[in-house]
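Please read the following note beside the sequence and the structure.

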Amino acid sequence: MSKTSHARGNDTRQINKELRRQRILGVAREQISSQGLEAFTLKGLAQASGVTVPTIHNLFGKKHDIFRELCTELVVRVERALSSPDIADPIEAIHAFVDSLLGLYREDEAFYRAAFVAGERTGLFEHDLPSGIYNKSLSIAEKLCADAKENGFLQGRVDSNTLAKQLFGCQRLARQDWVGGYIDLDRYRSQVLTGMCLTYAADSTPQFHQRLCAVIDAMTNE
């Protein structure tokens, strides 16, 4: 066999291996969505995928490693959903932020709930991980605050980093309530928008303050 043929054979094996991994991940996603995280087992995944448990171990590792793969996929999807064009108006920006995020979750609520639980267990959301979802989400909040201040909507009396942490906290608390099954996505949206507007109001200009109060009233009356 020539070197070229050998290289092509390796390439084909690698492609087939990746296709098999993605197919098994798809089955894992479906099982977690339909059965829940606690019922998910490698034996059940292997049976549904038509492979053996050792094959799962060879391709992924342990159950923890599959959770990590799914959570990494979650972070990529969230990043993609939030990569919208810059919006100068802070109210329009937070609406776009929340609606993009919830639009993603609505595609498969069960999976995203389970993936967030898995993320907490694998440590993907730990605050000290630069690539974790905490720091990625916080960086978006920091940009929202910096843009609002630069465009004259905020007075600058409150530290921007403090405001950003509060903005992120509004989203994080609502997400935890949704993951726990305490609220639905409509309530999630209202809760986040109200909290973000209240955060902005702590440092808003008088004119912007009036607009924020109008949004808060609208959320309250929904």
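What percentage of the 222 residues in the chain do buried residues make up?

1. The model under review is predicted. Buried residues account for 42% of the 222 residues in the chain. The accessible surface of the chain is about 11,900 Å², and carbon and sulfur atoms contribute 50% of that area.

2. The chain contains 10 helices and zero strands. Its pattern along the sequence is accordingly written α-α-α-α-α-α-α-α-α-α. Among contacts with a separation of 6 or more, 65% join residues 24 or more positions apart.

3. The chain has nine aromatic pairs. One of them joins Y105 and F116 in an edge-to-face arrangement, with 5.7 Å centre to centre and 90° between the planes. Because Y105 belongs to helix α5 (residues 90-107) and F116 to helix α6 (residues 109-122), this pair ties together parts that are 11 residues apart in sequence. Y105 is buried, with a relative accessible area of 1%, and F116 is also buried, at 3% relative accessibility.

4. A further pair is formed by F111 and Y112, whose ring centres are 5.2 Å apart. Their planes stand at 65°, and angles over 60 degrees count as edge-to-face, so this pair is edge-to-face. Both F111 and Y112 are buried.

5. The residues of these two pairs, Y105, F116, F111 and Y112, belong to one aromatic cluster together with W178 and Y188.

Methods: Residues numbered from 1 in each chain as written. Predicted model: local features only at pLDDT ≥ 70, side-chain atom pairs only at ≥ 80, totals over all residues. Heavy atoms only, no water. Helix = DSSP H or I, 4+ residues; strand = E, 2+ residues; numbered from the N terminus. Buried < 20%, exposed > 50% of the residue type's maximum accessible area, 1.4 Å probe, protein only. Contact = heavy atoms within 4.5 Å. Areas by Shrake-Rupley, 256 points an atom, 1.4 Å probe, with all protein chains shown as cover. Phe/Tyr/Trp six-rings, centres within 6.5 Å; stacked < 30°, edge-to-face > 60°.
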